[in-house]
Amino acid sequence: MTEKVQAIVIKTADRKEKDKNILLFSIEKGKTWATLKGVKGANAKMKIAQNLFCFGEFLLENGKFGQVVTGFSSLETFHEIGDDPDRYFGGIALLEVVNGLEFSGVGERKAVFVLLLRCLKSLCFEEVSQGLVLDKFLIELFKIYGFPINTEKCSCCGARTIEKFYFDYQSGELVCGNCKGFGSEELAKTTYSALKILSNCDLEKLSTLKLAEGSELGLLRVLVKNFESHFERNLKMIGILS
Ligand SMILES: [Zn+2]
């Protein structure tokens, strides 16, 4: 039986001789490995399907040793991401996050899939820094998983006039000085302001933003820590945070 899925290549692994395994992320099947046969040959038909970020329509069949890709048509290769080291590290970090996720159902898979696609587009085609895209990606991801960050008030007592905000990693929310606990960390003014601006900005408008220098990475550290505490997965973000 042949199955058709629209998927993004989020991980690759070498296999014997000319074959390659690719991890596909799709709304229908979530994350699933498939083999590209003979793809390393110079004239291989489905050559571009072995590249990270590649988005396309894949035909999958069950073979003796798992799924095999029997057909492929490209929808967007996002190959420009690889032309620039900063963008590339940003793209790899997006995939690293998705690799660390589990999905409770099709709704969650769809929301993450669409978000990933929009972030790859932004990274690939807009004049926007990879830090901003990653910040926005994580902020939206927390919404999808049911712990959005409210930047207007203390999540504990509800106070709105707050001099200093603290990030509470246990709840994944902002609290005031009176409500902070052991797991809370004071947010620098620039980090808070970056969080507020990004929370209210459309993903497609990131290139119009002007944030304080360094604030996007300061915010990213907080968001990554929040991710790690909720998903119990460490993120390396090579080339960006390490
Ligand atoms: Zn409070």
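The buried residues of helix H1 (residues 85-99) are covered by elements that include strand E1 (2-14), strand E2 (20-26), helix H2 (106-125), helix H3 (130-144) and helix H5, where a residue is buried if 20 or more other C-beta atoms lie within 10 Å of its own, exposed if 12 or fewer, and partly exposed in between, with C-beta atoms placed from the backbone. Helices (H or I, at least four residues) and strands (E, at least two) are DSSP runs, numbered from the N terminus. This is a predicted model, in which local features need pLDDT of at least 70 and side-chain atom pairs count only at pLDDT 80 or more, while totals for chains, interfaces and linings use all residues. Residues are numbered from 1 along each chain as its sequence is written.

**Helix H1**

- The buried residues of H1 are Gly-90, Gly-91, Ile-92, Ala-93, Leu-94, Val-97 and Val-98.
- The 15 residues of H1 should span 21 Å at 1.5 Å a residue, and its end C-alpha atoms are 21 Å apart, which agrees; the expected span is 1.5 Å times one less than the number of residues.

**Helix H3**

- Helix H3 is largely enclosed by the rest of the structure, because 12 of its 15 residues are buried.
- Among these buried residues of H3 are Leu-132, Val-133 and Leu-134, and also Asp-135, Lys-136 and Glu-140.
- The buried residues of H3 pack against H1, H2, helix H4 (189-199) and H5, with two residues taken to be in contact if their C-beta atoms, placed from the backbone, lie within 7 Å.
- Following H3 comes Gly-146, which has a positive phi near 85°.

- Ile-81 lies in the loop between strand E5 (66-76) and H1, and it counts as buried because it has 23 C-beta neighbours inside 10 Å.
- Leaving aside residues up to four places away in sequence, Ile-81 touches Phe-53, Arg-87, Tyr-88, Gly-91, Leu-123 and Cys-124.
- Between Ile-81 and Ile-92 there are 11 residues of sequence separation and 9.6 Å in space, taken from C-alpha to C-alpha.
- Arg-221 is placed in helix H5 (residues 215-231), and it counts as partly exposed because it has 13 C-beta neighbours inside 10 Å.
- The C-alpha atoms of Arg-221 and Leu-241 are 7.6 Å apart in space, while the two residues are 20 residues apart in sequence.

**The whole chain**

- The protein chain holds 5 helices and 8 strands, and its elements run β-β-β-β-β-α-α-α-β-β-β-α-α from the N terminus on.
- The radius of gyration of the protein chain is 20 Å, close to the 18 Å that the globule rule gives for 242 residues, so the chain is as compact as a globular protein of that length; this radius is taken over C-alpha atoms, and the rule is 2.2 Å times the number of residues to the power 0.38.
- Of the 242 residues of the protein chain, 34% count as buried.

**Domains**

- The domain assignment gives domain 1 (2-77) and domain 2 (81-231), with bounds that come from an automatic or database domain assignment.
- The centres of domain 1 and domain 2, taken over C-alpha atoms, are separated by 30 Å.
- In domain 1, 9 residues are in contact with 13 residues of domain 2, and E1 gives the most to this side of domain 1, with 3 residues.
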